[in-house]
Amino acid sequence: MQVEQISIFLENKPGTLQQATRVLKDANINIRTLSVAETADFGILRLIVNDVEKANKVLKDSGFQVSKTPVVAVEVPDRPGGLHSVMEAVSKEGINVEYLYAFVEKSGENAVILFRFDNPEKAIDILTKNNFTVVPGKKLYEF
Amino acid sequence: MFYNEEFETLPREALKALQLKRLQQVLQRVYHTVGFYKKSFDRAQIKPSDIKSLGDLKKLPFITRKDMSDNYPYGLFAVPMSNIVRLHASSGTTGRSAVFGYTKHDVETWSDLVARCLVAAGITKNDIIHNAFSYGLFTGGLGLHYGAEKIDASVIPISGGNAKRQLMILRDFGPTVICCTPSYALHLAQEAKTMRLDLQSFKLRVGIFGAEPWSKTTREEIEKAFGITALDIYGLSEVIGPGVAMECMAGHNGMHIFEDHFIVETINPQTGEVLPEGQEGELVFTSLSREAIPLLRYRSGDISRLITEPCRCGRTHIKMERALKRSDDMLIISGVNIFPAQVEAILVDIEGLEPRYQLIVDKAGALDALELQVEVSDKIFSDSGSVKELQKIEQRIVKDMQDYLGVEPRVKLVGPNTLQKAGDKVIDKRHI
């Protein structure tokens with residue numbers, strides 16, 4: 001049920017992000033959503049793409065440090081309290097969120113939130129039990 | 001002024017005779033007590049009795065840092081451990097440090113030598129000495145301390161670090177002498193400026209600086225900032241510690257090597273050939289009086305030049321210029337010696353890390369700043385891919401560098417294959 005995220009190590013210097021996006025463009029890879037985590041020296045670009053394997057390969061071939069990280073995608077109605085309801089469910093069970101990011105579906109009715117949980121299996125279990133829609137990777141890549 | 005006028009002004013003929021006598025004694029002693037020397041002399045087919053003149057010294061094999069680490073920790077000791085009263089250590093070429101023992105007599109000799117240095121700088125029992133060399137395994141702190149007590153001066157054993165507190169003590173305790181690394185002195189001067197302290201109103205009159213190379217300009221800056229005479233001290237733990245050589249008051253022109261205790265040679269670092277005195281080369285030292293670990297023909301790695309012209313201070317001992325260069329890849333970071341190989345050993349020990357790195361040394365204000373760039377390995381990134389994990393690795397590297405080497409680098413993770421292209425393991429941007 002988890003979604004594969006592409007994580008790319010980027011040095012904090014001009015041009016590195018641009019190099020990564022060029023590689024993806026040239027390989028005709030579409031980015032569904034992304035987020036960047038940064039420190040003073042480096043950043044990690046996190047991407048959900050339409051073709052995980054291909055993205056992984058072309059980035060590696062171009063000399064980037066890349067890894068595939070499992071994350072959990074949850075669909076919530078795009079209205080106040082959407083994210084909160086998920087947080088309430090997982091925090092009650094003592095699950096921590098390392099990071100999250102989100103995007104709104106094309107229909108505009110729902111948002112998809114991507115979570116990196118410290119215990120993803122347990123999180124999926126709890127979310128399913130609480131009738132949340134956990135979106136499988138396959139569906140997400142093809143959105 | 002002299003601490004030991006007889007020996008410091010011994011006519012050169014007599015000095016040479018004394019050196020030969022002491023050399024022959026030490027050769028006999030190490031040949032029969034230290035397995036390493038017996039083996040190395042036998043291999044070179046030399047008997048101690050073959051050394052009939054000082055000129056014969058060049059027949060003996062050198063001792064290098066590698067020999068020190070091959071015989072780690074006590075393999076080169078010439079006395080039983082029960083006779084050792086002190087152990088100091090310095091960086092080795094690998095993860096191992098080199099260990100130096102001192103007998104009670106060695107501590108006495110060493111204190112006497114440092115006392116000579118202090119007296120050469122015009123210091124007396126009426127002086128208060130602010131000793132900001134680090135106390136500990138490094139020989140700087142305790143070396144100066146014992147020498148200062150030897151001449152009955154008052155010592156403030158402040159050790160290194162904590163500049164604000166140092167300045168308060170310099171102002172309030174009224175020391176007349178300061179001892180530290182030149183870069184630390186400059187750092188104190190800058191700190192004083194930001195604290196709006198008037199260093200000229202302090203009682204300091206002399207500074208003794210060493211443990212790292214410094215330029216003429218740095219000396220002038222220090223002298224001007226503190227209103228003192230700044231003098232140079234030289235030493236290395238392998239030979240004894242600070243007190244191997246000291247600049248006299250006669251015109252900032254070289255440091256006298258105390259030749260009644262050490263023989264100095266200059267060699268071509270590539271060929272090992274002994275060079276005529278006065279030619280630039282690597283300094284090689286032979287300890288004549290050290291009991292615990294007398295090193296014969298130790299290659300210091302310091303590149304310098306000997307000054308043979310008689311000195312008007314009256315000392316007959318030969319002088320050396322400041323050692324501003326090294327024959328090896330040793331780096332001196334704020335007085336701490338490190339080798340790239342040690343950094344490599346630390347990186348290898350951190351699981352998943354590949355030792356693809358580069359050391360960048362620069363000045364941050366007056367002090368040295370070390371940056372360690374390390375490539376992010378596949379292993380580490382594929383295991384985590386998270387900022388937190390990468391930061392943990394950075395912190396681990398910083399901590400291990402502090403714990404093992406005593407330097408605190410700024411660690412910067414960089415992308416794969418970025419350093420290989422750059423080539424050099426070390427980039428030194430400092431201008432000395």
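Contact here means heavy atoms within 4.5 Å. With that in mind, and remembering that this is a predicted model, begin in chain B by selecting strand E11, residues 281-287, and pick out B:Thr286 within that strand.

**First stop: B:Thr286**

Is B:Thr286 buried or exposed? B:Thr286 has a relative accessibility of 0% and therefore counts as buried, the cut-off for that word being under 20%. Now show what surrounds this residue: setting aside neighbours within four places in sequence, B:Thr286 is in contact with B:Leu23, B:Leu57, B:His261, B:Phe262, B:Ile263, B:Glu265, B:Leu295, B:Leu296 and B:Arg297. From that list select B:Arg297, whose backbone nitrogen lies 3.0 Å from a polar atom of the side chain of B:Thr286.

**Second stop: B:Glu238**

Apart from its neighbours within four places in sequence, B:Glu238 is in contact with B:Arg65, B:Met68, B:Ser90, B:Phe100, B:Arg290, B:Leu295 and B:Tyr298. If you display the side chains of B:Glu238 and B:Tyr298, you can look for the polar contact of 3.3 Å that joins them.

Select residues 182-194 of chain B, which form helix H8, together with residues 216-226, which form helix H9; their axes come within 10 Å and cross at roughly 40°. That angle makes H8(B) oblique to H9(B), and the crossing is left-handed. On the H8(B) side, B:Pro182, B:Ala185, B:Leu186, B:Leu188 and B:Ala189 meet B:Thr218, B:Glu221, B:Ile222, B:Ala225 and B:Phe226 of H9(B). Coloured by class, the residues of this contact are eight nonpolar, one polar and one charged.

**Last stop: helices H10 and H12**

Finally, select helix H10 (residues 340-349) and helix H12 (residues 387-405) of chain B, whose axes come within 10 Å and cross at roughly 130°. H10(B) is thus oblique to H12(B), and passes H12(B) in a right-handed crossing. Which residues make the contact between H10(B) and H12(B)? From H10(B) they are B:Gln342, B:Val343, B:Ile346, B:Leu347 and B:Asp349, and from H12(B) they are B:Arg396, B:Ile397, B:Asp400, B:Met401, B:Tyr404 and B:Leu405. By class, these residues divide into seven nonpolar, one polar and three charged.

Key. Residues numbered from 1 in each chain as written. Chains lettered and ligands numbered in written order. Predicted model: local features only at pLDDT ≥ 70, side-chain atom pairs only at ≥ 80, totals over all residues. Heavy atoms only, no water. Axes fitted to C-alpha atoms, helices over the stretch in contact; angles between N-to-C directions. Helix = DSSP H or I, 4+ residues; strand = E, 2+ residues; numbered from the N terminus. Parallel < 35°, antiparallel > 145°, perpendicular 65-115°, else oblique. Left-handed = near helix turned anticlockwise from the far one by under 90°. Nonpolar A, V, L, I, M, F, W, Y, C, P; charged D, E, K, R; others polar. Polar contact = N/O pair within 3.5 Å; in protein donor to acceptor, adjacent residues only side chain to side chain. Buried < 20%, exposed > 50% of the residue type's maximum accessible area, 1.4 Å probe, protein only.
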